[in-house]
Amino acid sequence: MAQNYRITLLPGDGIGPEIMAVAVDVLKVVGKQLDLSFEFTEALLGGAAIDATSSPLPDETLSTCRNSDAVLLAAIGGYKWDNLPRHQRPETGLLGLRAGLGLFANLRPAKILPQLVDASSLKREVVEGVDMMVVRELTGGIYFGQPRGVFETETGEKRGVNTMAYTEAEIDRIGRVAFETAQKRGGKLCSVDKANVLEVSQLWRDRITLLSKEYPDVELSHLYVDAAAMELVRRPKQFDTIVTGNLFGDILSDAAAMLTGSIGMLPSASLGASGPGLFEPVHGSAPDIAGQDKANPLAQVLSAAMMLRYGLNQPTAADKIEQAVLQVLDKGDRTGDIMSEGMNLLGCRAMGDSLIQALEES
């Protein structure tokens with residue numbers, strides 16, 4: 001009897017609907033092969049939701065997501081909505097969705113696929129073999145701390161304020177996810193903070209150090225965020241698993257992503273203590289190429305694989321999708337962002353067809 005999963009799809013904006021269509025086709029094929037049944041429900045988020053309802057996160061969308069087994073998101077945002085008040089912007093909808101689902105842990109892999117080593121802007125000897133996971137705290141820190149806002153001082157001058165704050169419980173929660181992730185990988189965890197300047201980072205370091213006693217099989221190290229940024233570029237292979245707060249994780253995970261040559265290749269998972277996880281590519285909505293069949297759907301497809309692995313506990317299905325991605329790359333199929341001499345330039349739909357063919361031949 002087929003296992004049935006309720007999946008909420010959030011195609012979003014820009015290239016989102018194009019890459020989502022490819023991921024759904026791939027999931028349907030894998031589902032048939034492994035007797036998995038997917039019940040897909042589309043919902044609005046971001047700019048598309050603003051245009052339809054004036055809200056970047058309609059109540060109906062949050063309710064639909066909460067009642068699903070997993071949520072697959074494509075991309076949100078674009079120039080069209082950049083000048084709206086902050087509470088109405090697409091990104092506010094995404095932050096609200098993460099908070100509404102209680103998604104406190106963001107897992108961002110940065111792995112160099114052997115077929116794409118030369119797509120990296122760094123030398124082959126620096127990046128070949130890079131395989132790291134950045135675990136970013138997602139619902140605390142400076143993005144959510146209070147007070148926040150732009151205030152007028154006694155002299156009439158405006159003053160912008162954001163508050164970086166973490167409780168012990170928030171640090172311990174993300175720390176456990178990071179240590180457990182490191183246990184499944186290479187057994188090394190680097191905690192990144194700014195404890196030489198920030199009190200909140202000193203608390204972070206103290207709690208992570210204390211937590212390490214529960215994980216004697218994991219080798220813990222600490223780096224200040226500026227040193228970590230430097231080391232990511234200088235010697236990225238030293239890293240296995242990195243754990244850090246919301247702001248630093250936002251920046252470092254994007255830096256790690258570019259080691260791989262294209263942000264269009266990287267998936268992510270956002271997980272909570274219970275309930276559905278959120279799975280999305282790390283790239284943006286690329287409005288400049290939307291509707292032109294130029295988008296790279298592979299990060300979206302790999303996000304679907306992460307959904308199967310981390311959200312639905314279907315590792316065999318995840319493996320099949322990841323192998324299909326490697327097969328099309330081995331064949332020389334490329335979208336424009338990862339194109340190199342002698343390869344086959346494909347559009348978004350054609351790359352999807354190539355993936356389907358690889359799956360059907362496996």
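Predicted model: local features only at pLDDT ≥ 70, side-chain atom pairs only at ≥ 80, totals over all residues.

Colleague: With which side chain does the side chain of Thr241 make a polar contact?

Modeller: Thr241 lies in strand E10. Leaving aside neighbours within four places in sequence, its contacts include Met133, Val135, Ala178 and Leu189. Arg185 is also in contact with Thr241. The polar contact of the Thr241 side chain, at 3.5 Å, is with the side chain of Arg185.

Colleague: Which strands stand at the edges of the sheet?

Modeller: Ten strands form an open, mixed sheet in the order E2-E1-E3-E12-E11-E4-E5-E10-E8-E9. Two strands have a single partner strand each, so one side of each is left without a neighbour in the sheet. Direction ignored, neighbouring strands are turned by 25° against each other on average. The edge strands are E2 (36–42) and E9 (219–224).

Colleague: Which residue in E11 is the bridge partner of Leu103?

Modeller: Strand E4 (residues 103–111) pairs with strand E11 (residues 267–272) over four bridges, in the antiparallel sense. In E11, the partner of Leu103 is Gly272.

Colleague: What angle does the direction of helix H8 make with that of E9?

Modeller: Helix H8 (residues 225–234) packs on the sheet and touches strands E5, E8, E9 and E10. Relative to the direction of E9, that of H8 makes an angle of about 105°.

Notes. Residues numbered from 1 in each chain as written. Heavy atoms only, no water. Pairing = 2+ DSSP bridges. Axes fitted to C-alpha atoms, helices over the stretch in contact; angles between N-to-C directions. Contact = heavy atoms within 4.5 Å. Polar contact = N/O pair within 3.5 Å; in protein donor to acceptor, adjacent residues only side chain to side chain.
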